[in-house]
Structures are given as C-alpha cells and as structure tokens.
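This report goes through one structure, beginning with a salt bridge and ending with a pocket. The sequence and structure come first.

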Amino acid sequence: MSKDKNFYERVYEVARQIPYGKITSYGAIAKAIGAARSARMVGYALKNSPEDVPAHRVLNRKGVLTGKQHFPGKNLMQQLLENEGLTIVNNQVQDFEKHFWNPKTSL
DNA sequence: TGAGTGACTGTAA
DNA sequence: CTTACAGCCACTC
C-alpha cells in the first residue's frame with residue numbers, strides 16, 4: 001500500500017487533462033503536481049495508471065516513446081499516438097514541441 | 001531498516 | 001551534433 005497515494009492520483013489527474021492529439025513529458029507533469037524532481041515517479045505511477053488515463057500521451061523530454069514496451073502489444077503506444085494525428089519515427093514523435101501540452105498552462 | 005530500481009532530466013565532454 | 005554521468009524521489013523487497 002502506498003503512503004503517498006495522493007502523489008499517484010495527482011499524476012493521473014494531470015494526465016487525464018491532456019487534450020486529444022497532444023503530448024507532454026514526465027517532468028512537465030511532475031512540476032504540475034509540485035514534484036519537479038520526481039519525474040521518474042511519474043512514469044512509475046503511469047505504469048500503474050488506470051485505463052482512463054491516456055498514458056500513451058506522456059513521453060520523455062526528447063519525445064521518445066520510452067514507455068512503449070510497457071504497453072500491451074508491441075507498438076500499441078505508437079499506434080494510439082498516430083491515431084491522434086501524430087507522426088512517429090523510430091519511437092520518436094516528430095515536431096514534439098509543436099504538439100507539446102504544458103499542464104501548468106491549463107491550470 | 002537498508003539497499004536496489006526506474007515509462008526522467010540537466011549538465012558535461 | 002551525440003554520448004555519458006550524476007542527482008533525484010517514491011516504491012518494492
């Protein structure tokens with residue numbers, strides 16, 4: 001059981017706010033919840049994320065699908081992103097900054 | 001209780 | 001430009 005379950009829920013809450021066709025980074029979410037240095041934990045939390053959380057829209061700061069291997073199937077994450085109008089080459093999103101969505105901006 | 005781990009990030013070479 | 005290293009926090013065993 002987690003002591004700071006609130007941390008996870010914060011991550012989910014922000015992740016759910018990611019608009020369709022947009023993407024963000026782990027660090028961005030971490031900052032949004034006030035845990036800028038816990039970007040790694042964001043990814044860890046997303047690993048346990050419920051289905052209503054679009055974890056596939058969360059990438060690392062380079063725009064690489066680092067968590068692709070954690071999704072069911074082999075390239076589900078990429079397919080989901082491509083389905084949202086994004087272009088992915090070599091596990092990396094093209095025009096990452098262009099589609100980047102800052103959680104703090106939405107707050 | 002302590003050590004190990006990770007869907008990361010920023011800085012250095 | 002790319003590659004390497006260290007710092008970071010929360011979680012698991």
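**Salt bridges**

R16 is partly exposed, with a relative accessibility of 39%; the term covers values between buried (under 20% relative accessible area) and exposed (over 50%), taken with a 1.4 Å probe on protein chains only. The model is predicted, so local features need pLDDT of at least 70 and side-chain atom pairs count only at pLDDT 80 or more, while totals for chains, interfaces and linings use all residues. Residues are numbered from 1 along each chain as its sequence is written, chains are lettered from A and ligands numbered from 1 in the order in which they are written, and side-chain values use heavy atoms, with hydrogens and water left out.

D52 is also partly exposed, at 45%. R16 and D52 form a salt bridge, with 2.4 Å between the closest N and O atoms; such a bridge is a side-chain nitrogen of Lys or Arg within 4 Å of a carboxyl oxygen of Asp or Glu. The two residues are 36 apart in the chain, R16 in helix α1 and D52 in the loop between α3 and β2. Helices (H or I, at least four residues) and strands (E, at least two) are DSSP runs, numbered from the N terminus.

The whole structure holds two salt bridges. R57 and E84 also meet in one, at 2.9 Å from N to O. R57 sits in the loop between α3 and β2 and E84 in the loop between α4 and β3 (88-89), 27 residues apart. Both R57 and E84 are buried.

P50 belongs to the loop between α3 and β2 and is partly exposed, at 31% relative accessibility. Beyond its neighbours within four places in sequence, P50 is in contact (heavy atoms within 4.5 Å) with Y12 and R16. P50 and Y12 are 38 residues apart in sequence, and their C-alpha atoms are 8.1 Å apart.

S25 is part of strand β1 (residues 24-25). S25 counts as buried because its relative accessibility is 8%. Apart from residues up to four places away in sequence, S25 touches V58, L59, N60, R61 and F100.

**The largest nonpolar core**

In soluble globular proteins, nonpolar side chains tend to be buried together. A nonpolar core is here a set of buried Ala, Val, Leu, Ile, Met, Phe, Trp, Tyr and Cys residues joined through side-chain atoms within 4.5 Å. The largest one has 30 residues, and V11, L46, L59 and L81 touch the most other members. At least two residues come from each of α1 (5-16), α2 (26-32), α3 (39-47), β2 (58-59) and α4 (76-83). The largest share is that of α1, with six residues.

With residues up to four places away in sequence left out, L81 touches I23, H56, R57, L59, L65, L86, I88 and V93.

**The largest pocket**

On a 1 Å grid over the protein atoms alone, a pocket is an open set of points where a 1.4 Å probe fits, with protein on both sides within 12 Å along at least five of seven lines; lining residues have an atom within 4 Å of a point. The volume of the largest pocket is about 630 Å³, counted as the space filled by probe spheres set on the points, which are joined across faces, edges and corners.

Its lining has 26 residues, and G43, L46, K47, G67 and H70 lie nearest the centre. α2, α3 and α4 each give at least two lining residues, and α3 has the largest share, six. By type, 13 are nonpolar, nine polar and four charged; Ala, Val, Leu, Ile, Met, Phe, Trp, Tyr, Cys and Pro count as nonpolar, Asp, Glu, Lys and Arg as charged, and the others, Gly among them, as polar.
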